[in-house]
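My notebook is open, and a new chain is waiting to be looked through. I will jot down each thing as I look it up.

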Amino acid sequence: MKHPALRATLMACLAATSFTSAAEAKLGAAEKLYQANCAACHGAKMEGAVGPSLGDHAWLHGAPTKTNLIKIISKGVPEKDMPAWSPALNATQIALLADLIAANAAKPAVALTPAAAAAAAAAKAQQNVPDLSGFKLPKGFHISVYANQVSAARSMVVSDSGIVYVGSRKAGKVYALVPRADKQTADVVTIAEGLEHPIGVTLLNGALYVGEISRVIRFDNIDKRYAQKPSYEVVKVSLPNDKWHGEKVIKAGPDGKLYIPVGAPCNVCDVEETKSAKIYRMNADGSQLEEYARGVRNTVGFDFHPTTKVLWFTDNGRDEMGDNTPSCELNVAPKAGMHFGFPYCHGGVVPDPDFAKGRSCEEFEPPVAKLGPHVAPLGLTFYTGKQFPEAYRNNVYIAEHGSWNRTTKSGYSVRLITLYNSKVVTDTAFIDGFLRGDEVVGRPVDVATLPDGSMIVSDDYGGRVYRVTYDGK
């Protein structure tokens, strides 16, 4: 080229273009990683969902520098339920995520007046309702939104009057969903707040029992007092208060006792000689606490068969054994004293690589159904209503919350497990569409039945409760 200045300018332009293209490629890769692995908890735009916002605010675990973010992403924050991502993502991927989050955290937050913030929250809740036509149900079934703005909605229980009581996770609240006159939707009333992950709710003798991480509390005569920010009593019972798998679901049994599990405080560890990885039962006042089952890693849902009155429960399989093993479980405990394998055997057939030495899977109670790896089965219920056809009654419905670290996501659906003489016959999708391609639009947590025979499903990702009705023939 005869003009050195022109040549230099051209080379500089090419270098700048190359740099811009590389930067855009890195940004695109980081955004894709974020949407696939982080958005389910922290929101598609880092605005916060089940997990906190990743924007400009007070950071509890150190400044959002790249170095600190790499440390947090790699090691996780177990006490806040954030997993360690280093087994699932390599150092380059974690560094890309750290750059992306650090850039977002540096953006100044826009202050809103309280009224504007409330209006924005209401508008956002309405805008974020996914397209209902994207859900897939059997012919004759329909899905609608029963209640919105039920932040971090988890376990549910329905009173005889039709009021739905809902626990939450990080919202720290317990809600009452009060049916409106049309019975198609419900108003949301906050009963209590400032609690420690009150995910578990059940009713016994007219009282609402709530399971927090460190205690159980009781709201007496709840149907008449829910609107008054009612006082509560603390049930006198001593249970472990570990944060990891430490949240307490709770269920009233047909024997008049309260059943409450304690999860393992780890991914996998030997806690045979402790109170962890077991299901307990106790009297309504907390007395006579006794072990009912052991070897249960982390059950977040159980129910009693409407005819046999036998306990059925889900259990979440361990992580860090690959995408396709072990399977999560559906179990049955017809009597006290049974051992379901943890930490020695998983899914009934997979010996643990660290703890199985000298033990055999044949020693332990196998699951009645293998639900698939990493699907995260949570709430479970037997449908006993009359609205659905006969073939759908007295069968098991399981809310699969969905995988968090599997290469290809699994779960994100409500499953129908059909039974014959208490034996599993089929496992099929009852509600699909919480996962649409790579986009998560919801994460089902629990399933319950309303007095009219319709079914409700809680979604802690969207902060709402759906209602399923049947009008076919």
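I start with a rule: a disulfide is a pair of cysteine sulfur atoms within 2.5 Å. I note that this is a predicted model, where local features need pLDDT of at least 70, side-chain atom pairs count only at pLDDT 80 or more, and totals for chains, interfaces and linings use all residues. Residues are numbered from 1 along each chain as its sequence is written, and side-chain values use heavy atoms, with hydrogens and water left out.

**Entry 1: the disulfides**

How many disulfides does the structure hold? I find two. With the bonded cysteines numbered in sequence order, they pair as 1-2, 3-4.

I looked up Cys345 and Cys361, which are joined with an S to S distance of 2.1 Å. The angle about their S-S bond is 105 degrees, and the link is right-handed. This pair links distant parts of the chain, 16 residues apart: Cys345 lies in strand 18 (residues 345-346), and Cys361 in the loop between strand 19 (350-351) and strand 20 (369-373). For reference, strands (E, at least two residues) and helices (H or I, at least four) are DSSP runs, numbered from the N terminus.

The other disulfide joins Cys266 to Cys269, S to S 2.0 Å. Here I read -80 degrees about the S-S bond, a left-handed link.

**Entry 2: buried or exposed?**

I use these cut-offs: buried is under 20% relative accessible area, exposed is over 50%, and partly exposed is in between (1.4 Å probe, protein chains only). Cys345 is buried because its relative accessible area is 4%, and Cys361 is buried at 12%. Cys266 is buried too, at 8%, as is Cys269 at 17%. I also checked Cys328, which is buried at 2%, and Cys38, buried at 12%.

**Entry 3: a sheet**

I know that strands of a sheet pair through backbone hydrogen bonds, either parallel or antiparallel. Two strands count as paired if DSSP finds at least two bridges between them.

In which order do the four strands of the open sheet run? I read 6-7-8-9, with antiparallel pairing. Strand 6 (200-204) and strand 9 (233-235) each have a single partner strand, so one side of each is left without a neighbour in the sheet. Strand 8 (residues 216-219) pairs with strand 9 over three bridges. I found Ile217 bridged to Val234 in strand 9.

**Entry 4: the whole chain**

I count six helices and 29 strands in the chain. Of its 473 residues, 52% count as buried.
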